[in-house]
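Me: Hi! I'm new to this one. Could you walk me through it?

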Amino acid sequence: MKKLSMDDRLLVNRFDSDDHNSHILVDKDACRTCEHRACTTCCPAERYKWDLINDKLSFDHVGCLECGNCRLICERLNRNMPGYSWNYPGQGMGIVYREG
Ligand code: SF4
Ligand code: SF4
């Protein structure tokens with residue numbers, strides 16, 4: 001059986017994404033000083049990746065499952081530090097689960 005990529009698995013759901021307004025904000029430059037970069041391993045949708053070439057975080061809110069893991073594990077998101085914030089998508093936006 002073919003192993004599905006994360007993007008293929010996410011396509012099972014439906015997203016009404018607000019492409020221009022991310023509900024999660026991270027300061028990717030400031031993230032260079034993060035000692036654990038735990039967001040890159042805690043996100044079930046693999047929205048956070050460390051770009052080794054540019055030594056910089058990449059983040060895409062489209063596909064977010066709104067689980068809240070990153071908010072819990074990242075102290076900057078958790079404390080709403082400057083450049084960081086976590087909110088649910090605006091009303092009617094975000095994920096629409098079709099399975100599970
Ligand atoms: S855990 Fe938070 S501060 Fe660290 S890299 Fe991820 S978003 Fe940036
Ligand atoms: S809320 Fe969950 S799915 Fe969304 S970016 Fe954070 S860890 Fe990933």
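This is a predicted model: local features need pLDDT of at least 70, side-chain atom pairs count only at pLDDT 80 or more; totals for chains, interfaces and linings use all residues.

Me: Great. Which residues are around ligand 1?

Reply: They are V26, C31, C34, H36, R37, A38, C39, C74 and R76. By class, six are nonpolar, one is polar and two are charged.

Me: Where does ligand 2 sit?

Reply: Ligand 2 is in the second largest cavity. There are 13 residues around ligand 2, and C43, C64, L65, C67 and C70 come nearest. The shell splits into ten nonpolar, two polar and one charged.

Me: Changing topic: how many salt bridges are there?

Reply: The count is four. One of them pairs D7 with R47, with the closest N and O atoms 3.4 Å apart. D7 is in helix α1 and R47 is in the loop between α2 and β3, so this pair ties together parts 40 residues apart in sequence.

Me: Is R47 buried or exposed?

Reply: R47 counts as buried, because its relative accessibility is 11% and the cut-off for buried is under 20%. D7 is partly exposed at 49%.

Me: What else does R47 pair with?

Reply: R47 also meets D60 in a salt bridge, at 4.0 Å from N to O. Through shared partners, D7, R47 and D60 join into one network.

Me: Which residue does D29 bridge to?

Reply: D29 pairs with K56, the closest N and O atoms being 3.3 Å apart. D29 is in the loop between β2 and α2, while K56 is in strand β4.

Terms used: Residues are numbered from 1 along each chain as its sequence is written. Chains are lettered from A and ligands numbered from 1 in the order in which they are written. Side-chain values use heavy atoms; hydrogens and water are left out. A residue is near a molecule or strand if one of its heavy atoms lies within 4 Å of it. On a 1 Å grid over the protein atoms alone, a cavity is a set of points where a 1.4 Å probe fits but cannot get out, and a pocket is an open set with protein on both sides within 12 Å along at least five of seven lines; lining residues have an atom within 4 Å of a point. A molecule sits in a cavity or pocket if more than half of its atoms lie within 2 Å of its grid points. Ala, Val, Leu, Ile, Met, Phe, Trp, Tyr, Cys and Pro count as nonpolar, Asp, Glu, Lys and Arg as charged, and the others, Gly among them, as polar. A salt bridge is a side-chain nitrogen of Lys or Arg within 4 Å of a carboxyl oxygen of Asp or Glu. Helices (H or I, at least four residues) and strands (E, at least two) are DSSP runs, numbered from the N terminus. Buried means under 20% relative accessible area, exposed over 50%, partly exposed in between (1.4 Å probe, protein chains only).
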